[in-house]
Amino acid sequence: LNYRRMPSLLEYLSYNCNFMGILAGPLCSYKDYITFIEGRSYQLQQSEANGKEDTKYEQTDPSPNIAVAQKLLICGLSLLFHMTITKTLPVEYNIDDDFRATASWPVRFFYLYVSLMAARPKYYFAWTLADAINNAAGFGFRGYDKNGVTRWDLVSNLRIQQIEFSTSFKMFLDNWNIQTALWLKRVCYERATFSPTIQTFILSAIWHGVYPGYYLTFLTGVLMTLAARAIRNNIRHYFVESPAVKLCYDIITWMATQVAISYTVVPFVLLSVKPSLTFYSSCYFCLHIASILVLLVFPLKRTQKGSKKHESIQPVWSKKLEEENLLQKNSYSTTNNSFSQKQEITCRYQALKQ
């Protein structure tokens, strides 16, 4: 994603103010944008069976009509869902005094999941509409899959099916607000020298705005992410050998993930401190405490991020110098070997002559 040429003022303003991303995004990389503007985005990349990519050029530009129609249909369904069902399942009802006093814990957690699921279609509508606008303009073409079907998901911001059926906290985050998550990964997570997860969540909270609920959500998300990572690293491998056992594990982790996500993002919807703390205190901060206990019991595996990063940022000229030194050493050793062989032959010849 590195772009080595400094963009002109027109290119810079065009990238930041283009009509396709001026309202709801989604964010795209400058390299992808300028490739589209210069007309170089319609490359046919067909993955072969051996994993290599065969790059060719299409004679005609692929049509985005089918992709745009499908996304507009999703927009219509999301808008209909939001205007009907969402209003009957308000998130604020989770902190209602009568509901908290009379409802049992299973009912409360079930309503928590349903109400937060009902709050998501407005995001589905906005991001899918923005994606459809990009596709209608011809932007977002990723290539062709192995079956020759066009892929218009280069700047897609969400994958609804993976979100609703995610079996881990990471899987949910990887499929929600995708382009912003990639940006956070590039500018913060991959550059952080310590605690990259914590720094990335804090930056995400600052990027979202000044509402206290954002900070409560993302600080809670740090605990949830680390705890989910610890459980997955220490437990998951015991349940993947048998298909039946893995299915049960997936169902349990899906339920746990959906409850944990809903519990985490309640302050994101309520926005204010008092209602957010009212909700968490009514749950006795149960998932906060559970996450801390998990982190105390299960060790987190350290990643070899530093060494890999050092290897990846090694400059090309340094590698070339190493290769040249290696070649010089080889040639030097070869020359020495040939010189010693000649000396040995000369000595033997003189000895025979005598």
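Predicted model: local features only at pLDDT ≥ 70, side-chain atom pairs only at ≥ 80, totals over all residues.
What about disulfides? A disulfide is a covalent bond between the sulfur atoms of two cysteines. A search of the whole structure finds 0 of them.

Next, helix H10. H10 runs over residues 196-208, which is 13 residues. From first C-alpha to last, H10 reaches 18 Å, close to the 18 Å expected at 1.5 Å a residue. Which residues of H10 are buried? They are Pro196, Thr197, Thr200, Phe201, Ser204 and Ala205. Just after H10 comes Gly209, with a positive phi of about 145°.

H10 has a packing partner. Helix H9, residues 178-189, packs against H10 at an angle of about 125°, and their axes are 10 Å apart. That angle makes H9 oblique to H10. The crossing of H9 past H10 is right-handed.

Last, the annotation. The unreviewed UniProt entry marks "transmembrane region" at residues 213-231, 251-273 and 279-300. What does the model show over residues 213-231? The chain there is 100% helix and 0% strand, with the end C-alpha atoms 27 Å apart. Over residues 279-300 the chain is 73% helix and 0% strand. The end C-alpha atoms of residues 279-300 are 29 Å apart.

Note on methods:
Residues numbered from 1 in each chain as written. Heavy atoms only, no water. UniProt positions renumbered as here; feature names shortened; annotations may be inferred. Helix = DSSP H or I, 4+ residues; strand = E, 2+ residues; numbered from the N terminus. Expected span 1.5 Å × (residues − 1). Buried < 20%, exposed > 50% of the residue type's maximum accessible area, 1.4 Å probe, protein only. Disulfide = S-S within 2.5 Å. Axes fitted to C-alpha atoms, helices over the stretch in contact; angles between N-to-C directions. Parallel < 35°, antiparallel > 145°, perpendicular 65-115°, else oblique. Left-handed = near helix turned anticlockwise from the far one by under 90°.
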